[in-house]
Amino acid sequence: MRPTSATCIATVFAAWCTPVAGDAQDRQPTIPPPSIIEYRPQSTLVVPTHEVPRAAFPVVDFHGHPPNLSSREAIEQVVAAMDELNLQVMVQARPSSGARLTQQIEAAREAGYADRFVFFASLDLDDVGPGSGERIARQLEADVRAGAVGVGEIMKSFGLTTRKADGTRLALEDPELDVVWQTAARLGVPVFIHTGDPAEFFEPLDYTNERWLEMALFENRRFNDRSRFPSFEDLMAERDRLLARHPNTTWVLAHMGWYTQDLGRLGEIFDANPNVLAEVGAVLYDLGRQPRFAREFFVRYQDRILFGKDSFRPEEYSYYWRVFETADEYFDYYRDYHAFWKLYGMDLPDEVLRKLYYGNALRIVPGMPTAGFPEE
Ligand SMILES: [Zn+2]
(Lines give C-alpha, C1' and ligand atoms only; values in the text may rest on other atoms or scores of the structure.)
Protein backbone atom coordinates (compact mmCIF):
# COMPACT_ATOMS: atom_id res chain seq x y z
CA MET A 1 0.00 0.00 0.00
CA ARG A 2 1.26 3.47 -0.83
CA PRO A 3 1.79 5.70 2.21
CA THR A 4 -0.76 8.46 2.70
CA SER A 5 0.41 12.00 2.19
CA ALA A 6 0.14 12.56 5.94
CA THR A 7 2.57 9.71 6.50
CA CYS A 8 4.92 11.19 3.89
CA ILE A 9 4.92 14.53 5.68
CA ALA A 10 5.55 12.82 9.00
CA THR A 11 8.42 10.86 7.44
CA VAL A 12 9.98 13.99 5.97
CA PHE A 13 9.75 15.82 9.26
CA ALA A 14 11.24 12.86 11.11
CA ALA A 15 14.20 12.94 8.74
CA TRP A 16 14.65 16.66 9.34
CA CYS A 17 14.24 16.54 13.05
CA THR A 18 16.20 13.47 14.08
CA PRO A 19 19.94 14.13 14.26
CA VAL A 20 21.84 11.60 12.18
CA ALA A 21 25.27 10.48 13.36
CA GLY A 22 27.99 12.15 11.27
CA ASP A 23 25.62 14.88 10.03
CA ALA A 24 26.03 17.30 12.93
CA GLN A 25 25.53 21.03 12.35
CA ASP A 26 29.00 21.79 13.63
CA ARG A 27 30.80 19.58 11.15
CA GLN A 28 33.79 21.39 9.62
CA PRO A 29 34.89 21.30 5.95
CA THR A 30 37.73 18.89 5.35
CA ILE A 31 39.20 21.25 2.75
CA PRO A 32 39.81 25.00 3.23
CA PRO A 33 36.49 26.87 2.77
CA PRO A 34 36.28 29.75 0.27
CA SER A 35 35.91 33.33 1.43
CA ILE A 36 32.65 35.25 0.96
CA ILE A 37 34.30 36.85 -2.10
CA GLU A 38 35.38 33.55 -3.65
CA TYR A 39 32.19 31.52 -3.21
CA ARG A 40 30.14 31.95 -6.39
CA PRO A 41 27.85 28.94 -6.77
CA GLN A 42 26.20 28.71 -10.19
CA SER A 43 22.51 27.86 -10.08
CA THR A 44 21.64 24.55 -11.73
CA LEU A 45 17.91 25.32 -11.67
CA VAL A 46 16.20 25.15 -15.06
CA VAL A 47 12.93 27.07 -15.17
CA PRO A 48 11.19 29.21 -17.81
CA THR A 49 12.98 32.54 -18.27
CA HIS A 50 11.72 35.76 -19.82
CA GLU A 51 14.29 38.45 -20.42
CA VAL A 52 12.69 41.90 -20.72
CA PRO A 53 15.02 44.29 -22.54
CA ARG A 54 12.24 46.87 -23.07
CA ALA A 55 9.58 47.91 -20.59
CA ALA A 56 6.04 46.90 -21.55
CA PHE A 57 4.84 50.51 -21.39
CA PRO A 58 6.63 53.84 -21.77
CA VAL A 59 8.36 54.82 -18.55
CA VAL A 60 9.19 57.94 -16.57
CA ASP A 61 12.44 57.48 -14.68
CA PHE A 62 11.66 59.60 -11.66
CA HIS A 63 15.12 59.07 -10.17
CA GLY A 64 17.37 59.89 -13.09
CA HIS A 65 21.05 60.55 -12.59
CA PRO A 66 22.25 60.92 -16.17
CA PRO A 67 25.42 62.94 -16.73
CA ASN A 68 25.14 66.71 -16.81
CA LEU A 69 22.87 67.39 -19.81
CA SER A 70 24.43 70.63 -20.97
CA SER A 71 25.73 69.45 -24.36
CA ARG A 72 23.90 68.04 -27.38
CA GLU A 73 26.28 65.09 -27.42
CA ALA A 74 25.51 64.13 -23.80
CA ILE A 75 21.77 64.49 -24.44
CA GLU A 76 21.80 62.38 -27.59
CA GLN A 77 23.75 59.61 -25.90
CA VAL A 78 21.24 59.43 -23.06
CA VAL A 79 18.25 59.57 -25.45
CA ALA A 80 19.67 56.68 -27.51
CA ALA A 81 19.90 54.55 -24.34
CA MET A 82 16.41 55.63 -23.25
CA ASP A 83 14.90 54.63 -26.62
CA GLU A 84 16.25 51.08 -26.29
CA LEU A 85 14.70 50.68 -22.83
CA ASN A 86 11.35 52.38 -23.55
CA LEU A 87 12.19 55.22 -21.18
CA GLN A 88 10.06 58.06 -22.46
CA VAL A 89 10.96 60.76 -19.92
CA MET A 90 13.91 61.08 -17.59
CA VAL A 91 13.76 63.29 -14.52
CA GLN A 92 17.13 64.96 -14.11
CA ALA A 93 17.46 64.55 -10.33
CA ARG A 94 21.18 65.25 -10.26
CA PRO A 95 21.55 68.27 -7.99
CA SER A 96 21.41 71.47 -10.03
CA SER A 97 20.13 74.95 -9.45
CA GLY A 98 20.64 78.42 -10.92
CA ALA A 99 22.82 78.58 -14.05
CA ARG A 100 23.66 74.87 -13.98
CA LEU A 101 19.95 74.09 -14.12
CA THR A 102 18.97 76.62 -16.81
CA GLN A 103 21.86 75.55 -19.05
CA GLN A 104 20.53 71.99 -19.07
CA ILE A 105 16.92 73.03 -19.65
CA GLU A 106 17.98 75.18 -22.60
CA ALA A 107 20.30 72.51 -24.01
CA ALA A 108 17.51 69.90 -23.98
CA ARG A 109 15.17 72.34 -25.70
CA GLU A 110 17.76 73.31 -28.32
CA ALA A 111 18.56 69.66 -29.04
CA GLY A 112 14.85 69.06 -29.72
CA TYR A 113 14.30 66.82 -26.68
CA ALA A 114 12.23 69.04 -24.41
CA ASP A 115 9.64 66.26 -24.20
CA ARG A 116 12.18 63.64 -23.02
CA PHE A 117 13.60 65.37 -19.93
CA VAL A 118 12.25 67.26 -16.97
CA PHE A 119 14.43 68.97 -14.41
CA PHE A 120 14.29 69.16 -10.65
CA ALA A 121 15.91 71.94 -8.63
CA SER A 122 18.28 71.22 -5.77
CA LEU A 123 18.44 73.15 -2.51
CA ASP A 124 21.57 74.59 -0.92
CA LEU A 125 21.18 73.28 2.62
CA ASP A 126 24.71 74.01 3.86
CA ASP A 127 25.24 76.33 6.82
CA VAL A 128 21.57 77.00 7.47
CA GLY A 129 20.99 79.82 9.96
CA PRO A 130 18.44 82.57 10.54
CA GLY A 131 17.14 83.82 7.17
CA SER A 132 18.40 80.80 5.20
CA GLY A 133 14.91 79.42 4.70
CA GLU A 134 13.75 82.59 2.90
CA ARG A 135 16.88 82.62 0.74
CA ILE A 136 16.49 78.94 -0.26
CA ALA A 137 12.77 79.46 -0.97
CA ARG A 138 13.55 82.46 -3.21
CA GLN A 139 16.06 80.39 -5.20
CA LEU A 140 13.49 77.62 -5.55
CA GLU A 141 10.95 80.10 -6.90
CA ALA A 142 13.50 81.32 -9.44
CA ASP A 143 14.39 77.76 -10.48
CA VAL A 144 10.74 76.83 -10.96
CA ARG A 145 10.22 79.99 -13.00
CA ALA A 146 13.18 78.87 -15.13
CA GLY A 147 11.46 75.55 -15.80
CA ALA A 148 12.16 73.18 -12.89
CA VAL A 149 9.13 71.00 -12.08
CA GLY A 150 10.20 69.47 -8.77
CA VAL A 151 12.63 69.70 -5.88
CA GLY A 152 15.42 67.20 -5.56
CA GLU A 153 16.95 64.95 -5.28
CA ILE A 154 17.54 66.08 -1.72
CA MET A 155 20.50 63.87 -0.89
CA LYS A 156 21.01 61.69 2.18
CA SER A 157 23.55 64.13 3.59
CA PHE A 158 20.47 66.06 4.79
CA GLY A 159 19.86 64.42 8.14
CA LEU A 160 23.16 62.55 8.30
CA THR A 161 26.03 64.98 7.82
CA THR A 162 24.76 68.44 6.83
CA ARG A 163 25.65 71.00 9.48
CA LYS A 164 24.03 74.28 10.38
CA ALA A 165 25.98 77.53 10.56
CA ASP A 166 26.31 76.97 14.33
CA GLY A 167 27.95 73.57 13.75
CA THR A 168 25.05 71.41 14.91
CA ARG A 169 23.40 68.76 12.72
CA LEU A 170 20.66 70.17 10.48
CA ALA A 171 17.56 68.22 11.51
CA LEU A 172 15.06 67.33 8.79
CA GLU A 173 12.30 69.12 10.67
CA ASP A 174 14.31 72.28 11.40
CA PRO A 175 11.68 75.07 11.44
CA GLU A 176 13.97 77.38 9.46
CA LEU A 177 13.17 75.24 6.42
CA ASP A 178 9.38 75.29 6.85
CA VAL A 179 9.11 78.14 4.37
CA VAL A 180 10.91 76.06 1.74
CA TRP A 181 8.46 73.14 1.99
CA GLN A 182 5.54 75.59 2.03
CA THR A 183 6.90 77.24 -1.11
CA ALA A 184 7.09 73.86 -2.87
CA ALA A 185 3.47 73.25 -1.86
CA ARG A 186 2.37 76.67 -3.14
CA LEU A 187 4.21 76.15 -6.44
CA GLY A 188 2.66 72.69 -6.74
CA VAL A 189 5.98 70.89 -7.27
CA PRO A 190 6.83 67.57 -5.59
CA VAL A 191 9.77 67.25 -3.19
CA PHE A 192 11.94 64.21 -3.90
CA ILE A 193 13.86 63.32 -0.76
CA HIS A 194 16.41 60.63 0.08
CA THR A 195 16.70 60.10 3.83
CA GLY A 196 19.11 57.70 5.47
CA ASP A 197 20.24 54.47 3.88
CA PRO A 198 19.49 50.76 4.43
CA ALA A 199 18.79 50.04 8.09
CA GLU A 200 21.67 47.56 8.24
CA PHE A 201 24.17 50.36 7.54
CA PHE A 202 23.31 51.75 10.95
CA GLU A 203 23.90 48.43 12.72
CA PRO A 204 27.12 46.86 14.01
CA LEU A 205 29.33 45.42 11.27
CA ASP A 206 29.28 41.82 12.45
CA TYR A 207 28.75 38.49 10.69
CA THR A 208 24.99 38.58 11.23
CA ASN A 209 24.63 41.85 9.29
CA GLU A 210 22.92 41.19 5.94
CA ARG A 211 24.95 43.95 4.31
CA TRP A 212 28.31 42.92 5.74
CA LEU A 213 29.99 42.75 2.34
CA GLU A 214 28.76 46.12 1.12
CA MET A 215 29.71 47.80 4.39
CA ALA A 216 33.11 46.12 4.28
CA LEU A 217 33.65 47.31 0.70
CA PHE A 218 32.44 50.89 1.22
CA GLU A 219 33.61 52.63 4.34
CA ASN A 220 31.34 55.61 3.61
CA ARG A 221 28.25 53.39 3.94
CA ARG A 222 28.84 52.73 7.63
CA PHE A 223 26.58 54.90 9.74
CA ASN A 224 26.84 52.82 12.89
CA ASP A 225 28.98 55.24 14.88
CA ARG A 226 26.36 56.80 17.19
CA SER A 227 28.75 59.62 18.14
CA ARG A 228 28.64 60.81 14.50
CA PHE A 229 25.25 59.74 13.12
CA PRO A 230 21.69 59.45 14.39
CA SER A 231 20.22 55.96 14.61
CA PHE A 232 18.10 54.64 11.73
CA GLU A 233 14.98 54.78 13.89
CA ASP A 234 15.60 58.35 15.05
CA LEU A 235 16.23 59.50 11.49
CA MET A 236 13.10 57.82 10.14
CA ALA A 237 11.02 59.28 12.98
CA GLU A 238 12.39 62.73 12.17
CA ARG A 239 11.52 62.24 8.48
CA ASP A 240 8.03 61.04 9.35
CA ARG A 241 7.42 64.12 11.51
CA LEU A 242 8.51 66.31 8.58
CA LEU A 243 6.01 64.61 6.24
CA ALA A 244 3.18 65.04 8.73
CA ARG A 245 4.11 68.65 9.43
CA HIS A 246 3.67 69.60 5.75
CA PRO A 247 0.52 67.85 4.54
CA ASN A 248 0.10 70.24 1.59
CA THR A 249 3.52 69.38 0.18
CA THR A 250 3.78 66.36 -2.14
CA TRP A 251 6.65 64.23 -0.89
CA VAL A 252 8.30 61.44 -2.85
CA LEU A 253 10.50 59.16 -0.74
CA ALA A 254 13.52 57.93 -2.67
CA HIS A 255 14.35 54.22 -2.35
CA MET A 256 10.86 53.48 -0.94
CA GLY A 257 11.89 55.36 2.19
CA TRP A 258 14.32 52.49 2.97
CA TYR A 259 11.39 50.42 4.19
CA THR A 260 11.46 47.66 1.57
CA GLN A 261 12.71 45.25 4.22
CA ASP A 262 9.48 46.00 6.12
CA LEU A 263 6.87 47.21 3.64
CA GLY A 264 4.19 47.32 6.31
CA ARG A 265 5.91 50.36 7.79
CA LEU A 266 5.81 52.16 4.46
CA GLY A 267 2.13 51.26 4.25
CA GLU A 268 1.60 52.97 7.61
CA ILE A 269 3.22 56.14 6.23
CA PHE A 270 1.02 55.99 3.12
CA ASP A 271 -2.09 55.44 5.24
CA ALA A 272 -1.29 58.34 7.57
CA ASN A 273 -0.12 60.79 4.87
CA PRO A 274 -2.05 61.05 1.60
CA ASN A 275 0.64 63.54 0.47
CA VAL A 276 3.39 60.91 0.36
CA LEU A 277 4.56 58.70 -2.53
CA ALA A 278 7.67 56.56 -2.89
CA GLU A 279 10.11 55.57 -5.61
CA VAL A 280 11.74 52.18 -6.20
CA GLY A 281 15.34 53.06 -7.13
CA ALA A 282 18.11 50.71 -5.97
CA VAL A 283 15.90 48.57 -3.72
CA LEU A 284 14.97 45.95 -6.30
CA TYR A 285 16.91 43.32 -4.35
CA ASP A 286 14.40 43.58 -1.52
CA LEU A 287 11.29 43.56 -3.72
CA GLY A 288 12.52 40.59 -5.72
CA ARG A 289 12.98 38.43 -2.64
CA GLN A 290 9.37 38.88 -1.49
CA PRO A 291 7.49 38.76 -4.80
CA ARG A 292 4.12 37.78 -3.34
CA PHE A 293 3.96 40.29 -0.49
CA ALA A 294 5.51 43.02 -2.65
CA ARG A 295 2.93 42.36 -5.35
CA GLU A 296 0.13 42.67 -2.82
CA PHE A 297 1.67 45.91 -1.59
CA PHE A 298 2.08 47.36 -5.09
CA VAL A 299 -1.51 46.49 -5.95
CA ARG A 300 -2.82 48.01 -2.74
CA TYR A 301 -0.76 51.20 -3.04
CA GLN A 302 -0.77 51.41 -6.84
CA ASP A 303 -1.38 55.16 -6.79
CA ARG A 304 1.60 55.85 -4.52
CA ILE A 305 4.63 54.18 -6.14
CA LEU A 306 6.83 55.56 -8.93
CA PHE A 307 9.49 53.96 -11.05
CA GLY A 308 13.01 55.32 -10.57
CA LYS A 309 16.40 53.79 -11.17
CA ASP A 310 19.00 56.00 -9.45
CA SER A 311 22.40 55.41 -11.08
CA PHE A 312 22.23 55.66 -14.88
CA ARG A 313 23.53 52.32 -16.10
CA PRO A 314 21.38 51.29 -19.08
CA GLU A 315 22.24 47.58 -18.75
CA GLU A 316 20.65 47.45 -15.28
CA TYR A 317 17.12 48.62 -16.15
CA SER A 318 16.04 45.29 -17.65
CA TYR A 319 16.32 43.67 -14.20
CA TYR A 320 13.56 46.01 -13.03
CA TRP A 321 11.32 45.21 -16.01
CA ARG A 322 11.86 41.50 -15.36
CA VAL A 323 11.01 41.69 -11.66
CA PHE A 324 7.94 43.87 -12.22
CA GLU A 325 6.57 42.22 -15.36
CA THR A 326 7.34 38.49 -15.18
CA ALA A 327 6.81 35.57 -12.82
CA ASP A 328 10.37 34.31 -13.39
CA GLU A 329 12.04 32.52 -10.51
CA TYR A 330 15.43 32.51 -8.85
CA PHE A 331 17.47 34.80 -11.08
CA ASP A 332 20.48 36.97 -10.37
CA TYR A 333 20.43 40.59 -9.30
CA TYR A 334 22.87 42.91 -11.01
CA ARG A 335 25.03 43.82 -8.07
CA ASP A 336 26.25 41.08 -5.80
CA TYR A 337 27.29 43.26 -2.88
CA HIS A 338 23.74 44.58 -2.50
CA ALA A 339 22.33 41.11 -2.12
CA PHE A 340 23.70 37.59 -2.09
CA TRP A 341 20.26 36.14 -2.79
CA LYS A 342 18.24 35.63 -5.99
CA LEU A 343 15.26 37.50 -7.34
CA TYR A 344 11.73 36.45 -8.30
CA GLY A 345 9.26 38.22 -10.56
CA MET A 346 6.28 40.07 -9.09
CA ASP A 347 4.10 39.60 -12.19
CA LEU A 348 2.32 42.94 -11.68
CA PRO A 349 -1.02 43.50 -13.44
CA ASP A 350 -0.86 45.87 -16.44
CA GLU A 351 -3.00 48.45 -14.67
CA VAL A 352 -0.49 48.63 -11.82
CA LEU A 353 2.49 48.65 -14.18
CA ARG A 354 1.08 51.63 -16.07
CA LYS A 355 0.74 53.66 -12.88
CA LEU A 356 4.17 52.62 -11.63
CA TYR A 357 5.84 53.34 -14.97
CA TYR A 358 4.17 56.63 -15.90
CA GLY A 359 0.65 57.28 -14.57
CA ASN A 360 1.61 58.45 -11.10
CA ALA A 361 4.49 60.61 -12.36
CA LEU A 362 2.21 62.30 -14.89
CA ARG A 363 -0.28 62.99 -12.13
CA ILE A 364 2.06 64.59 -9.59
CA VAL A 365 4.61 66.42 -11.75
CA PRO A 366 3.21 69.63 -13.25
CA GLY A 367 4.00 70.06 -16.92
CA MET A 368 5.24 66.51 -17.39
CA PRO A 369 5.29 65.97 -21.17
CA THR A 370 2.48 63.66 -22.23
CA ALA A 371 3.80 62.91 -25.73
CA GLY A 372 4.61 59.24 -26.16
CA PHE A 373 2.33 57.94 -23.41
CA PRO A 374 -0.90 56.07 -24.08
CA GLU A 375 -3.98 58.26 -23.71
CA GLU A 376 -5.96 57.32 -20.66
ZN1 LIG B 1 19.67 59.53 -6.25
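**Exercises on aromatic pairs and the zinc site**

The structure holds 31 aromatic pairs (ring centres of Phe, Tyr or the six-membered ring of Trp within 6.5 Å; planes under 30 degrees apart are stacked, over 60 edge-to-face, the rest tilted). This is a predicted model, in which local features need pLDDT of at least 70, side-chain atom pairs count only at pLDDT 80 or more, and totals for chains, interfaces and linings use all residues. Residues are numbered from 1 along each chain as its sequence is written, and side-chain values use heavy atoms, with hydrogens and water left out.

**Exercise 1.** Classify the pair of Phe 297 and Tyr 301.

Solution.
- The ring centres lie 4.8 Å apart with the planes at 45 degrees, so the pair is tilted.
- Phe 297 is buried at 5% relative accessible area (buried: under 20%, exposed: over 50%, partly exposed in between; 1.4 Å probe, protein chains only).
- Tyr 301 is likewise buried, at 8%.
- By contrast, Phe 312 and Tyr 317 are edge-to-face, with 6.2 Å between centres and 70 degrees between planes.

**Exercise 2.** Identify the protein donors of the zinc ion and their spacing in sequence.

Solution.
- The donors (N, O and S atoms within 2.8 Å of the metal, or 3.2 Å for Na, K and Ca; water is not among the atoms, so sites may look incomplete) are His 63 (NE2), His 65 (NE2) and Glu 153 (OE), at 1.9 to 2.1 Å.
- Their spacing is H-x1-H-x87-E.
- His 63 belongs to strand S1 (residues 59–65) and Glu 153 to strand S4 (residues 150–154), so the pair ties together parts 90 residues apart in sequence (strands are DSSP E runs of at least two residues, numbered from the N terminus).
- His 63 is buried at 0% relative accessibility, and Glu 153 at 3%.

Definitions and conventions:
Helices (H or I, at least four residues) and strands (E, at least two) are DSSP runs, numbered from the N terminus.
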